[in-house]
Structure formats: C-alpha cells, structure tokens
Amino acid sequence: MKGIGLYLLQICFFFSTSYSLTDKEIWKIREEVRGMFYHAYDGYMKYAYPYDELRPLSCDGHDTWGSYSLTLIDALDTLAVMGNKTEFQRVAHLITQKANFDVDINVSVFETNIRIVGGLLSAHLMSRKMGVDVEQGWPCKGPLLTMAKDMADRLLPAFDTPTGMPYGTVNLKDGVPEGETTVTCTAGVGTYIVEFGTLSRLTGDPVYEEVALRALHAVWDHRSAIDLLGNHVDVSTGRWTAQDSGIGAGIDSYFEYLVKGATLLQRPELMAIFNQARVAADKHLRHEDWYLWATMTKGHVTMAVFQSLEAYWPGVLALVGDVNSALKSVFNYHQVWKQFGFTPEFYNIPRAEASANREGYPLRPELVESLMYLYRATKDETILQMGADLVASIQHTARTECGYATVKNVNDHTLENRMESFFLAETTKYLYLLFDTENWIHNTGERGQVHRVGERECIVEGGGYIFNTEAHPIDPGALACCFTKEDDWSLSITDQVALILDPAAPWKKHVGHKMKPPRNMKIEEECSEKEQNKDLEKDESQPESKGEFETVLTVKESTSAEGIQDGKSPDAEDHSSTVEVEVNIEKIPVDKKAFNKEGTEETADDIMQISVESEKNGSHNVKVKESDVSQGEDIKKRELSQEEGIIEETEKPKTIKKEGGPRFSSLSETVERGLGGNTSGMEAAEITPSVSSSKYTTNSGTPRIVPEPTEPSLEHSIKKIFILEDLKERLITDLNEYRNFTLSSSYSLLSCEHPPFINMINIKGQMFNP
C-alpha cells in the first residue's frame with residue numbers, strides 16, 4: 001500500500017507541474033511581478049525614504065544596515081531591468097546628491113559590500129544604457145563609481161588582520177571599532193571578490209581585488225583535512241569557532257563567489273577551489289539530493305535540516321554545468337514551498353516540518369534565483385510553473401497596504417513588520433527576469449556596443465552579466481575598458497566577444513591578469529606528466545585539423561557623434577565613444593595555427609577565433625552602419641515591452657519612526673528573532689555589532705532629520721587619508737608574496753588538458769561537454 005500511495009503521489013505531482021503556461025499567461029505573470037515591485041517601491045518612497053527600509057504594517061520607515069537609504073540604492077538597477085529610464089535617471093541623481101557615507105556609524109562589512117558597493121557599481125555600469133549623460137572616460141569614471149570607491153575605502157580597514165580575513169563590522173568614519181569581535185562567518189569573509197574585483201578593474205587600483213582574493217584563499221587554507229569549512233572563524237588566528245559545515249547560512253555566498261569571481265575576473269584558480277570543495281560537499285554533506293550539516297573534521301551529520309538560504313545552490317550548479325543535480329535539488333526545495341506556501345528558514349527533513357523558532361520567510365530570493373538560472377539553461381516550462389507558485393503565495397499572504405511583509409510563521413502565515421531591501425533588489429528582479437524571457441539582460445552576444453576610452457576599445461552591454469549575491473548585475477565587458485596601475489587586465493575585443501559567446505573558450509589563448517607564464521617559469525605538478533607533455537607537443541607543432549571551425553563575427557558599427565561634435569579629437573585622453581554592434585555568426589573551417597597582430601604564431605586549441613580587426617581609417621572586417629545618434633525609432637520598438645512606470649516628484653515623504661532607542665545594525669535586531677540578513681541565524685547568533693553613535697538615535701514619534709552632506713574638517717580628512725594610504729601600502733607589501741603564489745597556481749592550472757571552465761554553462765543556457 002505504501003508503494004501504491006507513493007506512486008499515486010508521483011502521478012499527482014506530475015500532473016500538477018506539467019501544465020504548460022501560454023505566452024499570454026507568461027506575459028500576465030511578468031506584469032503582475034512588475035506591479036509587485038512598484039507597489040513595494042512606491043510604498044518605500046512614500047512612507048519610508050530616506051530611512052533604510054519600509055515597515056509595511058505600520059507604513060513608516062526605520063534604519064537597519066547603515067542609515068544610507070539602503071532600499072533606494074538596492075532597487076536602482078531593478079528599475080533598469082524593468083526598463084524605467086525616467087525613474088532610474090531621477091533616482092541616480094538623487095543618490096549622488098543626497099547620499100553621505102561620512103557618518104559615525106558601525107555597519108556590517110558584508111552587507112554594506114553586497115548591497116551598497118554592489119548596487120552602486122551595477123547602476124554605474126547601466127547608466128549609459130539608461131540614458132544618463134555619462135562623463136567622458138566612462139565606465140572608468142562616474143559619480144556612482146566614485147561613491148562605490150568611497151564606500152569600499154571605508155570598508156578596507158576591516159581587512160587589516162593577520163590572516164587577511166576581514167572583521168565583521170567597521171565604523172564608516174574611523175575604521176574597525178575598538179573592542180570589535182574577531183569572530184565572523186565564512187560568508188562574511190569570502191563575499192567580496194565580485195564587487196572588489198570590479199572596482200579594481202574599473203579604477204585601476206589593484207588593492208581591492210587583492211584583499212578580496214587573499215580573504216578567499218585564507219578561508220580555504222584553513223579548511224579541514226577532508227576539505228570542509230566551518231561556519232564561523234576567528235579572523236586574527238584562523239581558528240574555527242563554529243565547526244558545523246554545510247552549504248547554507250554563514251557559508252553560502254563563499255561558494256557562490258568562487259564560481260562568479262572565477263567567471264567575471266577570469267581566474268581559474270577560484271574555480272579549482274570550488275571544484276575541490278564541491279567534491280567534499282557531495283561526499284560528506286549530500287544525502288539523496290538534500291545537503292545536510294556535518295562536522296567539518298569527520299563529516300558526521302549534525303543537523304538534518306534544509307535552510308531557505310541553501311536554495312541558491314541549484315543556481316550555482318547550473319552555472320557550472322550540472323543541470324541534472326540542480327534540478328533534483330530544486331524539486332525538493334519547491335516541494336517544501338508547496339507544503340507551507342513558503343520555505344521556512346529551517347526545515348527539519350526527517351520530520352517534514354518547520355524547525356521551532358525558524359518558521360519565518362523574510363521574502364527571500366534564493367529559490368527564484370535558482371529557477372531563473374535553470375530556466376535559462378533548460379527552457380523547461382515546469383520551472384515557470386514553480387515560479388508562478390511563488391508569485392501566487394507572495395501575493396496572497398505577504399502583500400499589505402503599503403508594501404510586502406515578512407512572513408513570521410509559515411504554519412499560520414502571520415506577518416512581521418519588515419520588508420528587507422533584498423525584496424526589491426533580488427526577489428522581484430529574479431521573478432521578473434524569469435518571466436521576461438526577452439529581457440535585455442538575457443543578451444547572449446547578438447548585440448553590444450564597441451566603446452572607446454581614449455585609445456582603448458571594449459565591448460559593453462554585450463551580455464554575460466554576472467549577478468552578485470544581492471542580484472546586482474555586473475557587465476563583464478566593461479571591465480576591459482579601463483587601464484590599471486600595475487597590470488593590464490584587459491581583454492582584446494576578440495576575446496571579449498569570445499567570452500560573451502562561450503565562457504569556456506579563452507583559457508588556452510588569452511590569460512587575462514598575468515596568467516601567461518614566463519617562458520622560463522617551472523610549471524608545478526598539478527596535472528599529470530602525460531598531460532603536460534601533450535600540451536608541450538601541441539605548442540611545438542600544431543597539425544592541421546579537419547573539421548575544426550572558426551567563428552567569424554560580422555560587426556556593424558555606428559559611431560556616436562558624442563565628443564566629435566564638440567570639436568574634440570577621438571584620440572584625446574579620456575575621450576570615450578560608442579559604436580553599436582550587431583553580431584552575425586557563421587562557421588568556416590579554420591587551421592589550428594593562427595597569427596596575432598605582431599605576426600607571431602599562436603595556437604587556438606579549444607578557442608573560438610573571433611575575427612574583429614582593428615577599425616582605424618575605416619576598416620575593421622567590420623561594416624559600418626549609419627544610425628541616428630538618438631537611436632530614435634529603433635530603440636522605441638525594442639523597448640515597447642519595457643514600459644516605464646514614471647513616478648512623479650511629490651511633496652516630501654512622511655517618515656516617522658515610532659519606536660525609540662538607539663539605532664544599530666539590524667544584525668542585533670535579528671539576534672532576538674533568530675534571523676539574519678543574507679547569512680541568516682548562524683551569523684546573528686555569533687555576532688552582535690556595536691551600538692552606533694547616540695547622535696543618530698531618534699525619540700519616540702520624532703522623525704529623524706537626515707543631515708545635509710558637509711565637508712569634513714581638514715584635520716580629520718588628513719588623518720583619514722594618511723591612515724588609508726598607510727593601510728594600502730602595508731596591504732600591497734604583504735600581498736607581494738601572496739600574488740606570486742596565486743599566479744603560479746594559475747599557470748599550473750592553465751597547463752592542464754581540461755581547463756576548469758570546460759563544463760561551464762554559457763549565457764545561452766547551452767552545456768559544454770567536450
């Protein structure tokens with residue numbers, strides 16, 4: 001009887017999930033998600049701005065992570081994804097005019113990085129597409145980039161530790177607070193490489209990328225003998241203070257950033273770490289498509305629970321090409337959702353119930369994030385039906401008069417008076433991208449812009465966007481637009497297009513950040529001797545290979561008149577111009593040998609050869625297409641589906657904070673509830689940030705007055721600049737030896753026959769199975 005019951009359950013499940021949505025139904029759900037976003041966004045602007053977050057039951061605002069109008073910055077690039085240029089421009093201007101980070105307040109380094117630095121960088125890279133009048137030298141210059149750098153500079157003192165792992169809290173004026181705990185979670189140590197790497201590539205200052213890399217490697221260097229990580233560590237000693245290992249709370253985004261950092265910055269050593277960590281996770285943590293918690297030293301199971309935060313994992317598996325495993329896990333997670341209408345923070349797997357004191361659902365995005373990646377990879381309409389379930393649940397239970405509220409208990413669907421900023425930054429964005437199948441963010445290389453900064457060329461808006469853990473998309477092509485102080489990390493236009501079309505392709509040919517080893521450098525024994533010999537033979541003599549193909553791109557350009565009309569030379573320093581690119585791809589047989597522009601021979605194993613010759617004096621192997629600078633009717637036609645919901649300027653929003661008391665980082669609030677931000681309860685249980693300065697507290701019933709930005713005193717400015725420059729000097733000095741180590745690791749990985757990205761999923765959702 002038990003077997004028959006299970007069989008009937010499987011049949012019911014099949015019919016309940018096999019219904020195919022029509023195009024009209026998909027469009028209707030997409031517009032419903034757009035309405036969800038604007039209902040929450042309008043509520044924040046009307047009742048909560050300039051506070052960090054909206055309280056959707058009392059319809060007022062409160063500060064949580066740092067008193068920097070967090071929700072507004074977090075939501076900015078969602079406006080762009082939804083095509084609202086008018087409001088994007090207004091809000092971008094508002095942020096640059098009003099935001100002030102020079103305040104005496106303690107903030108979470110982790111949350112400030114992913115939400116503020118990530119949000120500002122993403123919005124900066126979207127500014128030109130959104131019609132902002134960007135300055136010459138963009139994307140290497142711009143007010144939002146300046147703000148992101150300013151905030152990152154305020155976070156840098158946290159990394160000045162013996163291990164290179166950052167503290168969990170900094171004061172935005174004075175650095176690490178006196179007496180700050182040295183214990184932080186693993187995710188809080190290893191979730192910086194996407195934002196800090198982007199900042200280094202755009203500004204030319206390597207210190208951000210280097211400190212983020214050192215932190216990533218420091219965690220891995222302290223792994224257990226069976227390659228598992230704990231969830232909390234002492235940043236001074238590297239000693240694990242909490243030794244439960246899993247893929248969820250307190251660890252999650254460390255694994256995510258190994259994959260995304262490797263892809264965005266072309267660092268194969270990070271993918272090698274992920275692959276090794278995943279083998280250990282599958283061996284010790286995976287049990288029948290669930291990932292449990294175990295001791296990091298022995299792998300003995302300690303908690304048979306699923307955490308809501310773990311739902312990001314199928315998305316990461318999709319990114320590295322293991323769609324089958326990803327689908328198995330996401331089906332399990334969706335069943336939890338269907339059981340309650342939501343995923344509780346902790347779900348006891350053996351008992352099939354929400355764990356006590358962990359029954360909440362704070363509008364988390366992780367499950368829909370994985371659905372978005374998996375749908376792009378498979379186009380399986382069952383995934384769309386899962387997404388429709390999420391929309392229906394949130395609309396039914398969480399919607400309030402002025403926003404959407406946290407579900408306090410998934411058993412009885414009671415609500416809590418909080419709407420975290422990630423609801424607008426992530427949940428609604430991923431839902432929208434799931435159902436807007438033709439959104440511009442899904443560009444797979446068919447179009448882009450050849451952009452010039454001085455004499456340098458790059459491709460922007462060409463697709464392949466990497467989302468940080470707060471769902472802020474980073475344009476990888478833009479990172480090649482800017483010079484760096486020490487190293488040229490840039491890719492040629494040929495390799496940029498290759499990356500957009502096939503992230504697995506460039507490893508044998510273009511090696512990015514000093515990954516091309518000197519001829520006399522000894523390669524370490526990371527691969528078998530046989531594989532190295534095979535590579536050497538290929539280098540010495542490449543036989544002709546029938547059946548090999550070269551991908552040829554016909555690129556059509558239209559040179560922007562910006563700058564030229566002003567009488568400025570196109571070659572002048574800081575001058576930037578943009579040309580529109582339409583890419584047509586055809587395959588022709590190609591010899592295995594190729595020659596670069598200097599006339600020397602270079603090999604092309606496993607590499608798509610993209611022919612885009614330099615366009616000087618009118619020739620590019622690129623055909624120029626005359627187009628109107630305003631892009632007029634064509635742009636309007638392409639953006640008909642991206643209707644703008646214009647929000648008019650009104651009178652100053654009513655902002656009232658009803659509860660008094662000192663203001664502090666919301667991690668301390670979440671200690672009482674057992675919940676956290678993106679790292680949930682484990683981090684909250686370990687870290688209690690310091691209370692901020694009393695001059696930013698509010699009395700009951702009194703709205704907080706946000707001070708206008710003021711110039712800091714000369715004495716304080718000199719002290720701060722001196723401390724920052726001294727810190728950078730010491731960090732760079734300490735990193736010299738570390739850098740040599742990571743470079744040698746990269747060389748040895750590149751010598752392997754199968755480079756780390758060989759199974760990466762490309763942005764078309766196609767799999768690479770060589």
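The questions and answers below go through the disulfides of this predicted model.

Colleague: How many disulfides does the model contain?

Modeller: A disulfide is taken here as a pair of cysteine sulfur atoms within 2.5 Å. Cys59 and Cys402 form such a pair, Cys140 and Cys482 form another, and Cys458 is joined to Cys481. By this rule the number of disulfides is three.

Colleague: How many residues apart in sequence are the parts that Cys59 and Cys402 tie together?

Modeller: The sulfur atoms of Cys59 and Cys402 lie 2.2 Å apart, and the two residues form a disulfide. Cys59 sits in the loop between β1 (53-55) and β2 (60-62), whereas Cys402 belongs to the loop between α15 (381-397) and β16 (406-409), so the parts that this pair ties together are separated in sequence by 343 residues.

Colleague: Is Cys59 buried or exposed?

Modeller: The cut-off matters for this residue, because buried means under 20% relative accessible area. Its disulfide partner, Cys402, has a relative accessible area of 1% and is buried. Cys59 has a relative accessibility of 19%, and therefore counts as buried.

Colleague: Which elements flank the loop that holds Cys482?

Modeller: Cys482 forms a disulfide with Cys140, their sulfur atoms being 2.0 Å apart. Cys140 lies in the loop between α5 (109-126) and α6 (143-155), and the pair ties together parts that are 342 residues apart in sequence, with Cys482 placed in the loop between β21 (473-474) and α17 (493-501). Cys482 is buried, at 4% relative accessibility, and the elements on either side of its loop are β21 and α17.

Colleague: Is the disulfide of Cys458 and Cys481 left-handed or right-handed?

Modeller: For comparison, the torsion about the S-S bond is about -105° for Cys59 and Cys402, so that disulfide is left-handed, and for Cys140 and Cys482 the torsion is about -100°, so their disulfide is left-handed as well. Between Cys458 and Cys481, whose sulfur atoms are 1.8 Å apart, the torsion about the S-S bond is about 90°, so the disulfide is right-handed.

Colleague: Which strand holds Cys458?

Modeller: Cys458 is buried, with a relative accessible area of 0%, and its partner, Cys481, counts as buried at 1% relative accessibility. Cys481 lies in the loop between β21 and α17, and the pair ties together parts that are 23 residues apart in sequence, because Cys458 itself lies in residues 456-460, which form strand β19.

Technical notes: Residues numbered from 1 in each chain as written. Predicted model: local features only at pLDDT ≥ 70, side-chain atom pairs only at ≥ 80, totals over all residues. Heavy atoms only, no water. Helix = DSSP H or I, 4+ residues; strand = E, 2+ residues; numbered from the N terminus. Buried < 20%, exposed > 50% of the residue type's maximum accessible area, 1.4 Å probe, protein only.
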